[in-house]
Amino acid sequence: MTPSGVITVRIPAEAGHVPLLRTAVAGVAARQEFTLEEVDDLRMGVEEAAVILLRRGAGEPIELHLEITGDGLDIRLETAVDGEEPAIDTASFSWTILSALVDEVASTREGSHARITLAKRRMQSTRP
């Protein structure tokens, strides 16, 4: 399938709404011909990133921005956060998990706004 813009999902800052983000990402990834394993990796990665932001969050909604690229998906999760710490410590277990689930992971913070970016590329098809 070809790129078709950015899909945005916004949820309240409550753990009970995180499955909506997982479902949205899984649906898009399946339609983009990701393997079942890749879809599961994306679902788990989005959940981990959302939980990280919930823990640091200031009670503001979490936004997921999902962009279909030529060879995969670029995902941004963002919200307002409390304190001065980064959204995620790159030496943490959570960072290790995210790094294992997606091809690229990054975390940025601008003032009270934190963003975790994930990228997943499709495995090359073995079909003729």
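**Exercise 1.** Determine whether Asp74 is buried, partly exposed or exposed in this predicted model.

*Solution.* The relative accessible area of Asp74 is 24%. Buried means under 20% and exposed means over 50%. Asp74 is therefore partly exposed.

**Exercise 2.** Identify the residue that meets Asp74 in a salt bridge at 2.7 Å, and state which elements the pair ties together.

*Solution.* The side chain of Asp74 meets that of Arg121, with 2.7 Å from N to O. Asp74 belongs to strand S3 (residues 72-80) and Arg121 to strand S5, so the bridge ties together parts 47 residues apart in sequence. Arg121 counts as partly exposed, at 22% relative accessibility. Through shared partners, salt bridges join Asp71, Asp74 and Arg121 into one network.

**Exercise 3.** Describe the salt bridge between Lys120 and Asp41, and state whether its residues are buried or exposed.

*Solution.* The two side chains meet at 3.4 Å, N to O. Lys120 lies in strand S5 (residues 113-121) and Asp41 in helix H2 (residues 36-56), 79 residues apart. Both Lys120 and Asp41 are buried.

**Exercise 4.** State how many salt bridges and how many aromatic pairs the structure holds.

Key. Residues are numbered from 1 along each chain as its sequence is written. This is a predicted model: local features need pLDDT of at least 70, side-chain atom pairs count only at pLDDT 80 or more; totals for chains, interfaces and linings use all residues. Side-chain values use heavy atoms; hydrogens and water are left out. Rings of Phe, Tyr and Trp (its six-membered ring) pair if their centres lie within 6.5 Å; planes under 30 degrees apart count as stacked, over 60 as edge-to-face and the rest as tilted. A salt bridge is a side-chain nitrogen of Lys or Arg within 4 Å of a carboxyl oxygen of Asp or Glu. Helices (H or I, at least four residues) and strands (E, at least two) are DSSP runs, numbered from the N terminus. Buried means under 20% relative accessible area, exposed over 50%, partly exposed in between (1.4 Å probe, protein chains only).
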